[in-house]
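Here are a few notes to read alongside the model. Take them in order, with the structure open.

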Amino acid sequence: MELNAQYWENRYRDESTGWDIGYPSDPIIAYAGQLRNKDTNILIPGAGNAYEAGWLHDHGFTHVTVIDIAPTPLNNLRERTPDFPEDHLLQTDLFKHHKTYELILEQTFFCALSPSRRQEYVHKMYDLLDEGGKLAGVLFDFPNNGEGPPFGGSKEEYLGLFSERFHIKTLEPCYNSIKPRQGKELFFIFEKKPA
Ligand SMILES: C[S@@+](CC[C@H](N)C(=O)[O-])C[C@H]1O[C@@H](n2cnc3c(N)ncnc32)[C@H](O)[C@@H]1O
């Protein structure tokens, strides 16, 4: 099965969206919410309904860009947060996007991609970050048995994937996961290494 735009759009249309928690996720807003500079240039890739983007916007963050390959979740965000800047709502394949950001927030996008694309994800995130920029958020911590999405992973695998191009600032069990994900998530902050 190809995890393409049609696949994801159908999941939204069929309301088969088990990943969607319906509110801004605690670990993401706890981290992003403590940023002092509300002009930080932030990207949320594979953002889905993007409750976190709405939260950041409502809390004064001025440069939050949301990308998703499916139109429905972006339309949902438009409806919920009508004053979210239209030019920061991008319906596109993340791998075809070419700007750079100071911070990229990850939540259930990495695990939604075929595991064969993990190296590609690492390189793309590297390219989408400014010098010294950060990729931060949550990654699942359960065995990858090849069934998904969501596809699992482990701390060891993530260290192997990201260490070459990122300084591993934090990669530890997430203390404030939402209840159904408790014990199954790692919170991480990876900083782009100089080229
Ligand atoms: C499992 S959902 C997670 C959505 C959101 N991060 C959340 O936590 O609710 C994965 C999302 O990634 C989007 N997606 C999948 N492949 C993509 C790609 N290549 N580029 C942009 N978005 C993509 C899907 O449309 C879907 O909304």
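1. A disulfide here is a pair of cysteine sulfur atoms within 2.5 Å. The sulfur of Cys-174 is too far for a bond, since its closest cysteine sulfur, in Cys-111, is 14 Å away. By that rule the count is zero disulfides.

2. A word on the source: this is a predicted model, where local features need pLDDT of at least 70, side-chain atom pairs count only at pLDDT 80 or more, and totals for chains, interfaces and linings use all residues. Residues are numbered from 1 along each chain as its sequence is written, and side-chain values use heavy atoms, with hydrogens and water left out.

3. Are those two cysteines buried or exposed? Cys-111 is buried at 6% relative accessibility, and Cys-174 is buried at 9% (buried means under 20% relative accessible area, exposed over 50%, partly exposed in between, with a 1.4 Å probe and protein chains only).

4. With a relative accessible area of 15%, Gln-107 is buried. Its side chain makes a polar contact with the side chain of Glu-52, at 3.2 Å (a pair of N or O atoms within 3.5 Å; within protein, one must be able to donate a hydrogen and the other to accept it, and residues adjacent in sequence count only if both atoms are side-chain atoms).

5. What else does Gln-107 touch? Leaving out residues up to four places away in sequence, its partners include Ser-25, Ile-28, Val-138 and Arg-181, where contact means heavy atoms within 4.5 Å.
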